[in-house]
Amino acid sequence: MHIRLPIGSQPNQIDQFSMLELQGIAVSPGVAIGRALVFDREGYRITRCLVAVGEDEGEWVRLVDAVKQAYDKLENSRLTTTKKLGARLGNIFSAQQQILHDPHLQSELESLIRTKTYSAEYAVSEVFTKYASAFRKATSTFLSERAADIRDVERLLLEGLTGQPTATLKQLPHEAIVVSHDLTPGETAAFDPKKVLGICTEAGGPGGHTAIVARGMEIPAVVGVGNFLHNIRSGDEVIVDGHLGRIIVSPDEATRDHYMQRRRFRQSIATQLEEIRDLPACTSDGVRIELMANVEFPNEALSCVARGADGVGLYRTEFLYLGHDQEPTEEEHYQAYAQVVRDMQNRPVVIRTLDLGADKMGMTMLADPENNPFLGLRSIRLSLRNPAIFRIQVRAILRAACLGDVRIMFPMITTLDELRSARFLLRSVSEDLASEGKHIQCAVQVGMMVEVPAAVLMLDRFIDEIDFVSIGTNDLTQYTLAVDRSNDSVADLYQACDPAVLRLIQRTQQIVSEKKKSTSVCGEMSNNPAYALLLAGMGIRTLSLAPAAIPIIKKAIRSVTIGQCEAMAWRALRLSTAREVDAFVMNQLAGLVPEIVLQA
Amino acid sequence: MRPADKLVRVAAGFQCQIELERAGQIADCRSILSLLTLGATQGSELVLRAQGPDADEAIRVIRLMFDQQFDEVNVEQST
């Protein structure tokens, strides 16, 4: 981003703010120290700002992009309006497109940016204001009304430049800590992990999309900090402590030193973890716990292998739908799956079908706004309602299954009918493929996610119709405790360690193991060493977690016996509140694997 | 707005420089903002000027557009 300076002030004249410490929710581990880049979504207050000499080209490119974006939006509006209300009204947008492409306007903008080093926003606001006021002053009502058109176009351009962080988040010109009220899935997906050192948002909860993506990209993140954007400016130094959920704005020297030291300490632990990378995740008495990875994007597969993952336990496929106006093609699906299957080199890959829902809807067009999206048309319900789209994905998964050990998993199954409909569609797609003469793998394992209490209660009826079960603790927690995990006011109720959730996990594990089938746990819960040991003690033998968490979980497992885990589970399941459980398991971890706890 | 929009589209199809003049103020026909700034309304007196290789053709087409009051002129066909 460009340096925003009020004209006349000196670049190195930084206000001496005193240090500010804020507490939020730690959602992605690690510590980041860097300069803040504040994305204010409340409108676009254009400051009169100049860019550094030499950055004019970048500004010009940003402007050209924004013009293109705005043009496309107008084209959309033109087409929809023409269709609905006729060409006469549609042509209003065509005229606005002309304004965007006006050669005089463009050359004025270019000259402000190139010769006067105006930021793109500043140039736009300057030039448009000039035209708008010229028109407004005009005596003819016709012209004065045109001022509104000019303002419309200006607004679109500024939205492209500032109001919608997507475009700019995609191309941060330098490393920064992204600070915002909230981030949409599309925005986080557009992040460049090399540039985004840390993330800090006012809103959000532990299971929200920002959390998941941040973890997927291994960017330290703290969410749910509450209102603080007024206390921070772009350029301020910030420390994001993704272990303790702490944000420190303008740290004093001592604090900065402290964090630098801890960073070095953590790096040395990382080296220790590196040493056990190729060793299996076995308890000291030889019980093997499979550690699979949750992946969000195809390019994560290699880092999973590098971290010693036993496979991919949850391949989320939503990224294919985010940030795109069009549904992905079968080939796009297939390529995304094939890359992961190949990179995992014969390790199992569990592909979850579309799980788009309230918190993951960026700008996709599949669903209408709902009053209660979490209880609405999401996930498998959405897929079953749109079989044409669902079939495309299933076809691609079945094709990719020829390349390795691919398993398919249906999310958010609530009723047996849903499971049967999904399986029916799967069978029909595979018959189609066979009749087209496509080579397909017939014995693809089919699993369901257990995320809804109803599925746990009825699991004895489901179990004969599936090959495996994966417990999604994020949604299971949300649906069991009736807590919207992204709602700040109730986020503290959202505790995966709540005894009610533990009982559901326990019941699931019992029903599945009676049938000699496997249960994995793929929620955020598995990323926490204390809970990983608790789950192992409850009989879970497969955990699916963020790739970055694999080494530390492996370390924890290798440090204990299964008996210790079982004793821990036995006692934990007899506690009555989430707080008791949490305190108990953290305490146990400190006793069993002190070196991990020291790390935080 | 609509006539100005059409005029710009048509003008962009020619190589020549096309100008409209109203009461001493000159507008570039490729720039919608510059055309709008003329503040021309129905009944305004305008001078059309074109300079370049296809100037004659440009004058002919644009004149036709004005004559037909910018209605239903199929721009593609005319140019």
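A:Leu157 is found in helix H5 (residues 141-163) of chain A; helices (H or I, at least four residues) and strands (E, at least two) are DSSP runs, numbered from the N terminus. The model is predicted: local features need pLDDT of at least 70, side-chain atom pairs count only at pLDDT 80 or more, and totals for chains, interfaces and linings use all residues. Residues are numbered from 1 along each chain as its sequence is written, and chains are lettered from A and ligands numbered from 1 in the order in which they are written.

A:Leu157 is buried, with 27 other C-beta atoms within 10 Å. A residue counts as buried with 20 or more other C-beta atoms within 10 Å of its own, as exposed with 12 or fewer, and as partly exposed in between; C-beta atoms are placed from the backbone. Leaving aside neighbours within four places in sequence, A:Leu157 is in contact with A:Ala66, A:Val67, A:Ala70 and A:Val124. Contact requires C-beta atoms, placed from the backbone, within 7 Å. A:Leu100 lies 57 residues from A:Leu157 in sequence, and 8.7 Å away in space, C-alpha to C-alpha.

**The open sheet.** Eight strands of chain A form an open sheet with mixed pairing, in the order S1-S8-S7-S3-S4-S5-S6-S2. Two strands pair if DSSP finds at least two bridges between them. Strand S1 (20-23) and strand S2 (25-28) of chain A stand at the edges, each with a single partner strand, so one side of each has no neighbour in the sheet.

Strand S7 (residues 237-241) of chain A has four of its five residues buried, so the rest of the structure largely encloses S7(A). S7(A) and S8(A) form a hairpin with four residues between them. In that turn, A:Gly245 has a positive phi of about 70°.

| Pair | Sense | Bridges |
|---|---|---|
| S3(A) and S7(A) | antiparallel | five bridges |
| S7(A) and S8(A) | antiparallel | four bridges |
| S1(A) and S8(A) | antiparallel | four bridges |
| S13(A) and S14(A) | parallel | four bridges |

Within S7(A), A:Val240 stands opposite A:Ala32. A:Val238 faces A:Val249 in S8(A). A:Glu21 stands opposite A:Ile248 in S8(A).

Helix H9 (residues 253-275) of chain A lies across S3, S7 and S8 of chain A, at about 120° to S3(A). Axes are lines fitted to C-alpha atoms, for helices over the stretch in contact, and angles run from 0 to 180 degrees between N-to-C directions.

**The barrel.** S9-S10-S11-S12-S13-S14-S15-S16 of chain A make a closed barrel of eight strands with parallel pairing. The twist averages 25° from one strand to the next. A:Met448 stands opposite A:Val469 in S14(A). Helix H20 (residues 550-558) of chain A lies across strand S9 (290-295) and strand S16 (542-545) of chain A, at about 160° to S9(A).

Definitions and conventions:
Contact = placed C-beta atoms within 7 Å.
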